[in-house]
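This report walks through a two-chain model for someone who has not seen it before. Please look at the structure first, then read on.

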Amino acid sequence: MNLRRDVFQAIADPTRRAILLLVASQSMTAGAIASNFDTARPTVSKHIQILAECELLEQEQNGREIYYHINAKKMKEVADFIEPFRQMWDERFNKLESIMKQYKPKK
Amino acid sequence: MELKTKINAGDGKQELVITREFDLPLELLFKAYEDPEIVEQWMGTKVLKLENKAHGGYRFETSDANGNVVFQANGTIHEFVPNHKITRTFEMENAAFPVQLEFLEFESLTDDTSKLTMQIVYKSVACRDQVLKLPFAQGLNMAHNRLQDIVNKLK
């Protein structure tokens, strides 16, 4: 559950969404990604780190360089917009179930 | 792990089906839909009216911590057969979504387990998809709000 929230938090940021768009079609180094933004390089690195922690970006070592590319599987999971709807109902029904397990009929 | 709550929303259809199996006898599951006090607890809303009969109606209202009404919904009950089924409409007030039609079927699986099948019919395919996306959009908003909270703390 927390993981999912983190993923939403990750894609809620416009810079991070722009990074995801950049690496959607090709693997790029952190430097190459940063060169597309006016933001300071460490700031962009931080964004990349957050995306990698949420598994939205995958790392790939190539010689001395680390390349980043999009994790299509994870992106698909986030794009599955029905899942939050299902979770909403699941939480409601879980609550119903736990309430009724405690239920004592009125005498 | 098998999911307890399942959503079946076929592409291009203007309906969806929610199914859920409960570790509850059928009577207790139905009771949770029949008793307004219990509905209030699990739906997290105030029940202003709940007339469990054909031609009956119901009204829900939710307020925030400051007492501002944040959610209102109502509907008409078409069929009410205890431990078997409820057919009703559902409409969010002050929202852009048209009324929807809900068929709820309750069945017993074993002495201690039961199943609810909820078929919801929307005005159009587009309406259904919009309603489906609501919690997704709220998730995004929550993420935005959380970011805002974090930023505010940094100031």
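In helix α4 of chain A, the buried residues are A:Val44, A:His47, A:Ile48 and A:Leu51. Because they cover an arc of only 100 degrees around the axis, they sit on the same side of α4(A). That arc is taken over the directions from the helix axis to the C-beta atoms. A residue is buried if 20 or more other C-beta atoms lie within 10 Å of its own, exposed if 12 or fewer, and partly exposed in between, with C-beta atoms placed from the backbone. On the other side of α4(A), A:Pro42, A:Thr43 and A:Gln49 are exposed. After α4(A) comes A:Glu55, with a positive phi near 65 degrees.

The model is predicted: local features need pLDDT of at least 70, side-chain atom pairs count only at pLDDT 80 or more, and totals for chains, interfaces and linings use all residues. Residues are numbered from 1 along each chain as its sequence is written, while chains are lettered from A and ligands numbered from 1 in the order in which they are written.

Helices (H or I, at least four residues) and strands (E, at least two) are DSSP runs, numbered from the N terminus.

**Helix spans in chain A**

The buried residues of α6(A) are A:Pro84, A:Phe85, A:Phe93, A:Leu96 and A:Met100.

**Packing in chain A**

Helix α2(A), residues 14-23, packs against α4(A) at an angle of about 75 degrees, and their axes are 10 Å apart. That makes α2(A) roughly perpendicular to α4(A). Angles of 65 to 115 degrees count as roughly perpendicular, those under 35 as roughly parallel, those over 145 as roughly antiparallel, and the rest as oblique. Axes are lines fitted to C-alpha atoms, for helices over the stretch in contact, and angles run from 0 to 180 degrees between N-to-C directions.

Which residues meet between α2(A) and α4(A)? From α2(A) come A:Thr15, A:Arg16, A:Ile19 and A:Leu20; from α4(A) come A:His47, A:Ile48, A:Ile50 and A:Leu51. Two residues are in contact if their C-beta atoms, placed from the backbone, lie within 7 Å.

Chain A also has an open sheet of three strands, in the order β1-β3-β2, with antiparallel pairing. Its edges are β1(A), residues 28-29, and β2(A), residues 57-62; each has a single partner strand, so one side of each lacks a neighbour in the sheet. Two strands pair if DSSP finds at least two bridges between them. Two bridges join β1(A) to β3(A), residues 65-70. A:Met28 stands opposite A:Tyr68 in β3(A). Helix α2(A) lies across β1, β2 and β3 of chain A, at about 100 degrees to β3(A).

**Chain B and its sheet**

Chain B has three helices and eight strands. Along the sequence they follow the pattern β-β-α-α-β-β-β-β-β-β-α. Of its 155 residues, 14% count as buried.

An open sheet of eight strands has the order β1-β2-β8-β7-β6-β5-β4-β3 (chain B), paired antiparallel. At its edges stand β1(B), residues 5-8, and β3(B); each has a single partner strand, so one side of each is left without a neighbour in the sheet. The twist averages 20 degrees from one strand to the next. Helix α6(A) packs on this sheet, touching β1 and β2 of chain B, and its direction makes about 145 degrees with that of β1(B).

β3(B), residues 46-50, and β4(B), residues 56-63, pair antiparallel over four bridges. B:Lys49 stands opposite B:Arg59. B:Val47 has B:Phe60 as its bridge partner. Five residues lie between these strands in the hairpin, where B:His55 takes a positive phi near 70 degrees. Helix α2(B), residues 36-43, lies across β3 and β4 of chain B, at about 145 degrees to β3(B).

β4(B) also joins β5(B), residues 69-81, through eight bridges, again antiparallel. B:Tyr58 has B:Gly75 as its bridge partner. This hairpin has five residues between its strands, and B:Gly67 in the turn has a positive phi of about 85 degrees.
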